[in-house]
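I opened a new notebook page for this protein. I want to look things up one at a time and write down what I find.

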Amino acid sequence: MLCVYVCFTFLDTSSKYLVLAGVSALIVAWARFVVHVLLVGVFLRGWREPSRFRARNLTAHILRGAFLFGSTMCNIFALRTLQLAETTSIYFFGPMVITALAGPLLGEWAGWRRWLAILTGFVGVLIITRPGVGVFGIGHLFALGSMLSNSFYVIMTRRMSATESSESLILFSALAPAVLLLPMLPFSVSLPHDGWHWFILLMLGVFGATGHWLLVQAYRLATTTALAPYPYSQMVWMIISGWIIFNQFPDRWTLLGAAIIVASGLYIIHREHRLRLRNSATLDAEAEALAKKL
């Protein structure tokens, strides 16, 4: 999981580097998804067992891919004006949005303690964006749009994981956005200027595909609860990368807001873990009581 978020940090850093160099955001996003698709096909040997990639619900795959497309595009536009640490801090509010949306969309309702953590996390977002004091800008709006779109992407992944294969989820998450971007490419005239920029553009797909592959491997080796805190390690890599590559270091308000969001997110993870253990103990007690009766 630590390597996963190093890869995702490289992905965001490279995307910001390219758009600041004048490369079209559409080209950056399309290359990231196309290389991802090619690598998935090669490393998973799709030509041997194509049935593994079969989509049971193609419409759901396209919609899920559209959410990832929206999240990626908004994130790239946000990186034009925001520091890496700022976009990541707002992105970390996503788990709290997912917790809030899981009630009406998945039937997984949060209690008052988790709602209090969600509201606290929102305070952290307000500290970072500081609307009304001349700080909130179009970059923050794109970052919020990226976070919200990714939240719906994660919720759809949860729903579809029960019926769709992991191979199809990995493939279509990149294939759908790549196809959706095709009609827009003729309007993208800002290509990389030299070999170095072309190399970085191709590496976007490598970083993205490697990160997602490592993510799948991590969930095969450990439980969701055990891995839940690790995404917050990306904040460290983002701060280091922004400082080294762009000579940008987050101000005290961004660090304070990020700390509040991370603390709220970790509390929600802790609370959900406690509830899962309590429910498991209740089910075991009921089973034992039933066995004694029988």
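**Entry 1: the whole chain**

I note at the start that this is a predicted model. I looked up the secondary structure. How many helices and strands are there in the protein? I found twelve helices and zero strands. I read the elements from the N terminus on, and the order is α-α-α-α-α-α-α-α-α-α-α-α.

Next I looked up burial. The protein has 294 residues, and 47% of them count as buried.

**Entry 2: α1 against α2**

I began the pairs with helix α1, residues 2-20. Its axis and the axis of α2 come within 9 Å. They cross at roughly 145°. The crossing of α1 and α2 is right-handed. From α1, I listed Leu 11, Ser 15, Leu 18 and Val 19 in the contact. From α2, I listed Ala 25, Val 28 and Arg 32. I sorted the contact of α1 with α2 by class and got five nonpolar residues, one polar and one charged.

**Entry 3: α2 against α3**

I moved on to helix α3, residues 58-79. The axes of α2 and α3 come within 10 Å and cross at roughly 135°. Is the crossing of α2 and α3 left-handed or right-handed? I found it to be right-handed.

On the α2 side I wrote down Ala 25, Leu 26, Val 28, Ala 29 and Phe 33. They meet Leu 68, Phe 69, Thr 72, Met 73, Ile 76 and Phe 77 in α3. The contact of α2 with α3 has ten nonpolar residues, one polar and no charged.

**Entry 4: α2 against α8**

Helix α2 covers residues 25-43, and helix α8 covers residues 166-181. They pack at an angle of about 140°, with their axes 8 Å apart. This pair is therefore oblique as well. The crossing of α2 and α8 is left-handed.

I listed the residues of this contact. From α2 come Leu 26, Ala 29, Trp 30, Phe 33, Val 34, His 36, Val 37 and Val 40. From α8 come Ile 170, Leu 171, Ser 173, Ala 174, Leu 175, Pro 177, Ala 178 and Leu 181. By class, the contact of α2 with α8 has 14 nonpolar residues, two polar and no charged.

**Entry 5: two buried residues**

I picked Thr 88, which lies in helix α4, residues 84-91. Is Thr 88 buried or exposed? Its relative accessible area is 3%, so Thr 88 is buried. Which residues does Thr 88 touch, not counting those up to four places away in sequence? I found Gln 234, Met 235 and Met 238.

I went on to Ser 233, in the loop between α10 (224-227) and α11 (234-246). Buried means under 20% relative accessible area. Ser 233 has 16%, so it is buried. Leaving aside neighbours within four places in sequence, Ser 233 is in contact with Leu 2 and Tyr 5.

**Entry 6: residues with more of their area open**

I looked up Phe 10 in helix α1. Phe 10 has a relative accessible area of 42%, so it is partly exposed. The C-alpha atoms of Phe 10 and Ser 241 are separated by 8.2 Å, although these residues are 231 apart along the chain.

I found Gly 111 in the loop between α5 (94-106) and α6 (112-129). At 32% relative accessibility, Gly 111 is also partly exposed. Its C-alpha atom is 9.9 Å from that of Ala 100, eleven residues away along the chain.

My last stop was Asn 247, in the loop between α11 and α12 (252-293). At 65% relative accessibility, Asn 247 counts as exposed. I checked its backbone too: Asn 247 has a positive phi of about 55°, although it is not a glycine.

Terms used. Residues are numbered from 1 along each chain as its sequence is written. This is a predicted model: local features need pLDDT of at least 70, side-chain atom pairs count only at pLDDT 80 or more; totals for chains, interfaces and linings use all residues. Side-chain values use heavy atoms; hydrogens and water are left out. Helices (H or I, at least four residues) and strands (E, at least two) are DSSP runs, numbered from the N terminus. Buried means under 20% relative accessible area, exposed over 50%, partly exposed in between (1.4 Å probe, protein chains only). Contact means heavy atoms within 4.5 Å. Axes are lines fitted to C-alpha atoms, for helices over the stretch in contact, and angles run from 0 to 180 degrees between N-to-C directions. Angles under 35 degrees count as roughly parallel, over 145 as roughly antiparallel, 65 to 115 as roughly perpendicular and the rest as oblique. A crossing is left-handed if the near helix is turned anticlockwise from the far one by less than a right angle, and right-handed if clockwise. Ala, Val, Leu, Ile, Met, Phe, Trp, Tyr, Cys and Pro count as nonpolar, Asp, Glu, Lys and Arg as charged, and the others, Gly among them, as polar.
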